[in-house]
Amino acid sequence: MIKAVLVMNTQGKPRLAKFYEFKPVEQQQEAIRNVFSVLCSRPENVSNFVDAESFFGPDSRLVYKHFATLYFVFIFDSSENELAMLDLIQVFVETLDKCFRNVCELDIVFNYSKMHTILDEIILGGQVLETSSTEVMKAIEEIARQYASTISACPTVMVSIKLIRHSSKYETKGLKQRPMQSILFQNLFQDGGRGKIISIKLPNSGVSAPNWYND
Amino acid sequence: MAGSSIMENLFQRSLEDLIKAMRLQLIGESTFISKATEEIRREIKSTDQQTKSTALHKLSYLSSVHGVDMSWASFHVVEVMSSSKFAHKRIGYHAAAQSFNDDTPVLLLITNQLRKDLSSTNEFEVSLALDLLSRIATLDLARDLTTEVFKLLATARVFVRKKAIAVVLRVFDKYPDAVRVCFKRLVENLESSDPQVVTAVIGVFCELAAKDPRSYLPLAPEFYRILIDSKNNWVLIKVLKVFAKLAPLEHRLGKRIVEPVCDHMRRSGAKSLVFECVRTVLTGLSDYDSAVQLAVEKVRELVVDQDPNLRYLGLQALSVAAPKHLWAVLENKEAVVKSLSDDDLNIKIESLRLLMAMVSESHVADISKVLLNYALKSDPGFCNEILDSILKTCCNNVYEIVVDFDWYVSLLGEMAMIPNCQNGEEIENQLVDIGMRVKDARMELVRVGRDLLIDPALLGNVHLHRILCAAAWVAGEYVEFASNPFELVDALLQPRTSLLPPSIRAVYINSVLKILIFCLDCYLLQNDGSGSLYSGNLDGRQSELFSVKNDTEATELATCGGSNYEQDVGFNPRNTAEPSEDLSVENGIDRAAMHGKTFTSNLLEKKNSMQESIVSLLNRIELIFGPLIANQDVEVLERAQNILSLVQLIKEEIIDNSGQSVDIMEKKDTRVSAIINSMRDAFTTELGPVSISAQGRVAVPDGLVLKDNLDDLQEICGDTELPSSSFGTGGPHLTTNSDASSSNLLNNEESGPLNECTSLIEHRKRHGLYYLPTEKSEIVPDEYPRANDPKSNSNVNDEAAELVKLTEQSLLLKKRTNQTKPRPVVVKLDDGDIAPISVKRPEPRDDSLSGAIKDVLLGNETGPSVSRSYPSDKSSRKQTEKKKLSTNGRSEMKENEVDAEKPDPESPNSSSKNHGHSKHRRHRVKEKSVEGEEHDQRGKKKSGHHHGRRKTHQRAKSPLNVVSQTPVIPDFLL
């Protein structure tokens, strides 16, 4: 089963942390710090596995993917296939990308609950439930509709999100683009502003991406 | 009130506002967070649902991302969860999943809320409840909500059903009796046509089978069908994981699945699936040669792939294969060796592990040498990784693969010299251990120890202190093998020893005492000994030494050996470095004396010089240990005090006599010699290794009450380890070998005192009190080899090629005996040298769970009566339990299998029988659920009821049932 899903930026700030085995918050934060200290010391173009037994107990594996300013980290045990987990990270990121249209770190920062909703559709209690981002998107849209129908009136929130999104786009204008690190995806990243804004662009989203391990 | 809540609502910060403010804050993040938490504490008490839920939303954000404690808000969480609005409910459920655990007191309050939401018509509400249940379900929650989950397992809404299936895992884990209710439906879902449902359910079985595979053997036909039919890679991976667990338990199953697995491996383009097939074959089907061959072929593709992930996993697969199929590693040795210089640390470590798996006794020396060169060039982390694996491999099973201990001991010395070496403790243990176990290696040990001790630079390296401790001990304990005891004392007395921690300093002082006793003993022996005895023994020893050194001539060590030999004759290295005529003349005299040609003529002269050096030795000890009497550490203080008193005692006797004739001196010395003799005797009793179980053989004296359970003591002592057996006062096994050591005494005493006295004095005059060799022999490099030497990088490829060549030999040369001398005797203890590795068998953790599952599964096969009457069902359960308890449960199982193999006319196809059965069961279950909608309560009552009934029936029926109800494992051959 999957033990935890972490998203953090390259400065070690957690952006999303979900532990499927209960841990007190102090231990959660410590685990995040430990993971980051290992990840930030790893060079580019090396394998995506890290020995996690020292942080998460025996039979723990860790895979991560580095997208521009973000690390996506999955911690799991021997009941999961390592390459399948790498693909699952991809599914997750791809879903985020569909959901936010060119997802950037700010989207993740400001859409806390949406992130969790997406993740809950993919993983439940450590079990992988859904591996198709299209299916996840369908569910997310349904939930959003539910949400909108029950919430009385909160347009201000929506507007503010939109504004932020736009401002992030403006901020990134004119900044140099960095080539994608991952061999699997030729994504475009934009880095700038307060050093925390990225855009992850997936060229051919959909399951037919050429280098998937699980395809 | 209403007005105030509107105001609250209007001016409340939303989560987005909070995040935005936090990004712009200037007061510091922690201050900002504590202010925000205060604000939330106020808002969350609001009666307005909107305000409350927004506050909770912010709190769960802060808790999740910034680690703010939110356990205080658990009651508010329950309140928000029970809101009728989906938006609020979602926030509440999310907060609960994040903050609740088994100890949360309000957990009791949410049962009804969960039940309501699980039965809701809104599938998103159901989904929220299921998600929460999968995270926090406790025994109580699982028990009370089993019925709801059970209903959802068959719902037509796939969106909910797949989540219910995943929740079952947690429910089974917490409340094993739920198996009786839910297991059937779970199995039925395996046959679902919906891929999402199958993904979920196979995932659950994969988790269950990982914990207790045996219980799921009866489901093998279903899994097999999925393996054949499914086109979904995720599902196939999970099914393969299940089979990897099941196949070792049942050989017929392996035969069945090996073809389909190979088929997937050949045809699939998905790397993840191929890798899973490879892993399944190597772990579960390693007896099927053709499959292993194919798997190794696939591994070869992986290890040379561009993608570092695939290379890493390929190497991992090889190390899975290594214990049973070493040939697989050897076939890929080139890739393995190449990976040693990969950029990726993961890959390097994996490759190192494989390399060490290939080592055999014929070429352990060569491989270690090459690896040591790699270590010099690697970064500190990997360098230690290499050293660690060499040390571990070589000491495995009492140095099984080491033939030439002289080589190994000098290798340990080389390792200690490597700059980043942090394996001090292991090297220390091995040096001492070899000293005690291998007599023949002691001379080399002392030589290596000397090299380490005389280098003042090493004393500054904290990581080396443990090694120096071992070296000092070896030098003291086996001083009879030393080429020059005086030099050793010099090294042990050097001023930089003050850098050592007190415990190690105490060992140094003790070693000084041992060496001093040895020197005095030699001196006294010489006084009344006969010259012919010396010379004869000396010659014998020299030739012996020479032959030993000759063996290692092929290696670079030959030069060291040569120099060592020369040192025996005189202090050549030092003398040649400072050429002076009179020294060389003296040297010549010494040499002549050594060969016994002009022995008698030189006797007197030697005696005088000997006395001089002894006296200076005593003076020096006095001078240096004097200040230690004020040392803070009691161990150092005490030992220094002891040795000082001894020195004073002896000095009186010897110095007084210095001017007088030999006869008088001999007479006066008798008192001293008596002391020295008895002390020497005390030191020459040999220390041996101590068996780990030695304590067990000590009979418990009468009247000593040992507390049965010392667990509480363990908590206190924690991981404080007992000190190494060899040091200090704790005398381990004593084996007498007085004859051997006394002859050694005779052999040795000449070499040291005689040679060095003149040159040493000369030298000391020039260089002051503390003599330390400023120039080093060839063995001790002038400076540390530089890490990452750019020059040496050029020959990495050569080294790699060499390694490939070496590993090549591992199969071919296994039988070649290229040892010029036999392997020395290694002392082994009968009752195990190594702590018995507590083989942690995966104990059936879920005893009740596996019992329940066996019950349900095996109950299926027993016959039509099952669905009818509970008693027979239960009695079969009882039987399975009995089987678990009985020691020969296995054999009973096997008998059953044999039974199953016989053609059974009634059930030609066990799986079809299974199906029919399950339908039957389902009907029954449906009846049951129709008959009472408030099943939850009644179900509980029922089970209680059954327990009561079961007991009585068991008593009545069990003798009969033993034969008729034997659980039959279905024939997997279909």
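Two strands are said to pair if DSSP finds at least two bridges between them. In this predicted model, strand S1 (residues 2-9) of chain A meets that condition with strand S5 (residues 70-76) of chain A, the two being joined in the antiparallel sense by seven bridges.

**Strands of chain A**

S1(A) has a further partner in S2(A), to which it is joined by five bridges, again in the antiparallel sense. A:Met8 takes part on both sides: its bridge partner in S5(A) is A:Tyr71, and its bridge partner in S2(A) is A:Pro14. S1(A) and S2(A) form a hairpin with four residues between the strands, and in this hairpin A:Gly12 takes a positive phi near 90°. S1(A) is largely enclosed by the rest of the structure, because seven of its eight residues are buried.

**Contact between the chains**

Chain A and chain B touch through 48 residues of chain A and 53 residues of chain B. On the side of chain A that touches chain B, the elements giving two or more residues include strand S2 (14-19), helix H1 (25-39), helix H3 (82-100) and helix H7 (155-172) of chain A. The largest share, six residues, comes from H6(A). By class, this side of chain A has 26 nonpolar, 15 polar and seven charged residues.

Chain B has 974 residues, of which 44% count as buried. Its secondary structure comes to 47 helices and two strands. Of the contacts in chain B between residues at least 6 apart in sequence, 75% join residues at least 24 apart.

The largest nonpolar core has 287 residues, and those with the most contacts inside it are B:Val168, B:Leu468 and B:Val512. Helix H29 (residues 502-528) of chain B gives the largest share of this core, 16 residues. At least three residues of the core come from each of domain 1 (382-692 + 733-767) and domain 2 (847-964) of chain B. When residues up to four places away in sequence are not counted, B:Val168 touches B:Val149, B:Cys182, B:Leu186 and B:Val204.

Helix H14 (residues 233-246) of chain B has 14 residues and reaches 20 Å from its first C-alpha to its last, close to the 20 Å expected at 1.5 Å a residue. H14(B) is mostly covered, with 14 of its 14 residues buried.

Helix H23 (residues 380-399) of chain B holds B:Asn397, and B:Tyr399 also has its place in H23 of chain B. B:Asn397 is not a glycine, yet it has a positive phi of about 50°. B:Tyr399, likewise not a glycine, has a positive phi of about 55°.

| Residue | Phi | C-beta neighbours | Class |
|---|---|---|---|
| B:Asn397 | about 50° | 9 inside 10 Å | exposed |

The classes follow from the neighbour counts.

Terms used
Residues numbered from 1 in each chain as written. Chains lettered and ligands numbered in written order. Predicted model: local features only at pLDDT ≥ 70, side-chain atom pairs only at ≥ 80, totals over all residues. Buried ≥ 20, exposed ≤ 12 C-beta atoms within 10 Å, placed from the backbone. Contact = placed C-beta atoms within 7 Å. Nonpolar A, V, L, I, M, F, W, Y, C, P; charged D, E, K, R; others polar. Core = buried A, V, L, I, M, F, W, Y, C linked by C-beta atoms within 7 Å. Domains from an automatic or database assignment. Expected span 1.5 Å × (residues − 1).
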